[in-house]
Amino acid sequence: MTSHRLRLGELAERLGLVLEGDADLAVSGVSGIEDATADDLVYVRSAAYAKRLGECPARAVVAPPDLDVGSRSVLRSEDPGRDFYRAARIFVPEPAVDAGVHASAVVAEDAEVEAVSSGEAALEALRRFRPD
């Protein structure tokens with residue numbers, strides 16, 4: 001994961017999210033609900049996922065507005081998956097990618113390719129083509 005800890009208040013500020021709970025709570029990384037420790041940040045996107053928090057020791061969660069996450073500190077997000085990804089990139093920065101087209105890339109001659117490498121920019125490009 002990572003070797004540094006970040007206060008939840010600072011993480012909320014960096015992500016531009018509303019924090020409900022303990023701004024001084026330190027988190028050391030991100031994790032899925034099944035593998036989380038008390039110091040990890042997890043995310044849920046619906047009530048069905050929030051039910052799984054019962055067995056999860058994580059004290060901090062990214063969740064949609066108005067979703068009940070119990071007594072945990074919560075970063076409120078309209079798109080918890082995206083903002084969880086953004087949080088993960090703070091703890092584990094994306095590796096640098098060389099510009100250009102990989103030698104093994106195969107692209108149709110009539111394809112329109114946008115200049116993205118990976119990560120959030122690629123996700124945003126995909127959303128424009130698949131807006132679900």
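**Notebook: sheet, helices and cores**

I began with helix 1, residues 8-15, which lies across strand 2, strand 5, strand 6 and strand 7 (73-76). Helix 1 runs at about 5 degrees to strand 7. I note here that the model is predicted.

Next I looked up helix 3, residues 80-91. Helix 3 lies across strand 4, strand 5 and strand 6. Its angle to strand 5 is about 160 degrees.

I found an open sheet of five strands, in the order 2-7-6-5-4, with mixed pairing. Strand 2 (18-20) and strand 4 (29-30) are the edge strands, and each pairs on one side only. I checked strand 5 (residues 40-43) against strand 6 (residues 60-63): they pair in the parallel sense, over three bridges. For L41, the bridge partner in strand 6 is A60.

I turned to the nonpolar packing. The largest nonpolar core has 18 residues. Which of them touch the most other members? I listed L8, L11, L15, V30, L41 and L75. Helix 1, strand 6 and helix 3 are the elements that give two or more residues to this core. Helix 3 gives the most, with five residues.

I searched the whole structure for aromatic pairs and got one. How far apart are the ring centres of Y43 and F84? The centres are 4.8 Å apart. Y43 sits in strand 5 and F84 in helix 3, so the pair ties together parts 41 residues apart in sequence.

Is F84 buried or exposed? F84 is buried, because its relative accessible area is 14%, and the limit for buried is under 20%. Y43 has a relative accessible area of 26%, so I put Y43 down as partly exposed.

Last, I looked at G16, in the loop between helix 1 and strand 2. G16 counts as exposed, because its relative accessibility is 65%.

Conventions. Residues are numbered from 1 along each chain as its sequence is written. This is a predicted model: local features need pLDDT of at least 70, side-chain atom pairs count only at pLDDT 80 or more; totals for chains, interfaces and linings use all residues. Side-chain values use heavy atoms; hydrogens and water are left out. Two strands pair if DSSP finds at least two bridges between them. Helices (H or I, at least four residues) and strands (E, at least two) are DSSP runs, numbered from the N terminus. Contact means heavy atoms within 4.5 Å. Axes are lines fitted to C-alpha atoms, for helices over the stretch in contact, and angles run from 0 to 180 degrees between N-to-C directions. Buried means under 20% relative accessible area, exposed over 50%, partly exposed in between (1.4 Å probe, protein chains only). A nonpolar core is a set of buried Ala, Val, Leu, Ile, Met, Phe, Trp, Tyr and Cys residues joined through side-chain atoms within 4.5 Å. Rings of Phe, Tyr and Trp (its six-membered ring) pair if their centres lie within 6.5 Å; planes under 30 degrees apart count as stacked, over 60 as edge-to-face and the rest as tilted.
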